[in-house]
Amino acid sequence: MSSPRSTMSDSIREMYQFSVVDYCMFGGMLILSAACGIYYGFFKRSTNTSSSSSECEDEQDHLPEAGVPAKKPTNTFGSATIDEYLLGSRKLKAFPVAMSLLAGYISGVTILGTPAEIYNFGTQYWLIAVPILLMGVAVCTVYLPVFCSLKLNSSYEYLELRFNPYVRSMASVMFVINQMLFLPMVIYVPALAFNQVTGFNIYVIGAIVCVVCIFYTLLGGIKAVVFTDAWQVVVMFISVVVVVIIGTIALGGPGVIWDRAVEGGRIDFFNFNPSMYERQTFWAVLIGGFFYWTSYNAVNQTMVQRYMSLPNLKTAKFSIYMFVVGTAIFVSVCCYTGLLLYGKYYDCDPATVGLVTTSDQLFPHYVMESVGNLRGMPGLFIAGVFGAALSSLSVILNTTSGVLLEDILKGLFRVTPSSLVANIVVRGSVVVLGLAAMGCLFIVDKLDGILIVSATLAAIGNGTTGGIFTLGMLVPWSNTKGALAGGIAGALLSGWISLGSQFASAAGEVVPHKLPVSVDGCIAELITNTTIVNPIYPDESGVFPLYRLSYHWITPIGVTTVVLVGSIVSFLTGPRDLRYIDPELISPVVHRFLPRESFSYFGTANKGPTCVSEEMQTQTNIPVDSSAPYGTAANGQNGRVKAHN
């Protein structure tokens, strides 16, 4: 016989089932996504095979020989070239790319996980908007000028130019593993939300999401990904904002929500507790958030690939600034949503009475209970969550396929495939990765707290790769041995902390201390035969200290370990002679500390047909001395001269 609370849960679900309008909105989102792949794969293809269209590119490289007609695309399936498929021939616009960056990072994990975080632990996490903005400044001044100057297809190519192929392989393999671990979680989030509001099978809907995403990513490449993301982020933002506005009005306005949050102890922006064991503190959010966001957005190929799809440094900076402002706004909306959820359930917690089984179901449950009677609203919300998931999934599929080609096949195995083989590898990787993600859904279904799980998984790769790139760009004397030693040390330490904390959490040795909730306002049917007890938290003093750390500190520890170990090992094994280093491989913020002799080697590390854009020239800080034997005025145009043999 059914328990009263399960009967009540079924009654809520029966009262607010998906209507025809809801299914139409949801289905329309899937159809539009697939249509983008068809459009950009067949009707909006480039008509030439130029591999790049940078504004500062030597146009003579692409002029046909006398009497020889220009080449036409030989590939009739999807994009004309691999460069068009992966980078959009570097012709994309700032605004669509900014929206794609926003949509790719603000996934369903953020939409469902962030409100639950605020509901359970208070508003301290809301300060994450500050490091997001600071991250934009750091990316544009420290890391982006290097990538834009080198014009690389993959960010990990930099590591081979700066160090050697082994460092590149280590970082790229780590990236692929990290993305494969994250893929099923991206699919599970919208499937969970859809199941919550319709009862539809999680695995079936997950398969549908994968098939649609594989389809339009396979056909349209980065163009389909970017422009699909652009309109999906609009749907995503509108869906959340409309639900928040309606919910705020229904509760009596922001003042009521704020008062209930204050009374419930949810308002806390300045917890200056220096303990690194507490989940959310002022220092953890600001420091940990800055390291996490910067490590990801500065060097991760999912982001760098879209930076490189833009024509020049100026456009890339503008796109990043739009991205960080939009992200800070959207994350703030999601944080306010957490207060809205508490304002609704401040006296009847759904998890305590069994209406939801995980914290990540709170927001979908709220949507169905509060606005589910308005036709189209559940469909709009689910379309937004699915749009966020599709955008993240498509970016990962497209980017990872490029890394498998450029860094694994070409970089690690030193294979130079033909155009046909490269197309098969890239598109085949999209299919295989998508299908593998579907097969891993059952693992994610057993996890709780998707926000922290995703953060800890990403922290292993982000902290290590972020540290290696930082070592290479900001520590000029670092060498290959230092990079390898630092990378291994950072990966082992951050992985040890991440996995150890997960095992300790699974064993019940470490339990997050949630803020108190109440069921005093619940109707009698929900609390009948329900035993309400105050949570008893275990004594964590006996747990290994590193396993008790807040997840915010994992990335800073990883980055710091890589830089410190890498710098020390470089000194012990013989630091690099700065007189012979290519300044193009070093961040412009460090150029003033390089010896003048080094600038005679500017641009020699990358043997490809690269150039320094006008914007890049203003960033290089090349010293000019008319009396010196080396200098931009006397030794070459645009600050680029050949090395002296």
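Which helix gives the largest share of the nonpolar patch? With 3 residues, that share comes from helix α8 (residues 165–198), where helices are DSSP runs of H or I with at least four residues, numbered from the N terminus. This is a predicted model, in which local features need pLDDT of at least 70 and side-chain atom pairs count only at pLDDT 80 or more, while totals for chains, interfaces and linings use all residues. Residues are numbered from 1 along each chain as its sequence is written, and side-chain values use heavy atoms, with hydrogens and water left out.

Val-173, which lies in helix α8, is partly exposed at a relative accessible area of 33%, a label for values between buried (under 20%) and exposed (over 50%), with a 1.4 Å probe and protein chains only. Arg-414, in the loop between α15 (377–412) and α16 (419–439), is likewise partly exposed, at 47%, and has a positive phi of about 55° although it is not a glycine.

Lys-151 also has a positive phi of about 55° without being a glycine; this residue sits in the loop between α6 (129–150) and α7 (157–162) and is buried, with a relative accessible area of 17%.

Further inside, helix α14 (residues 362–371) is largely enclosed by the rest of the structure, because 8 of its 10 residues are buried. Among those buried residues are Phe-363, His-365 and Tyr-366.

Conventions
Helices (H or I, at least four residues) and strands (E, at least two) are DSSP runs, numbered from the N terminus.
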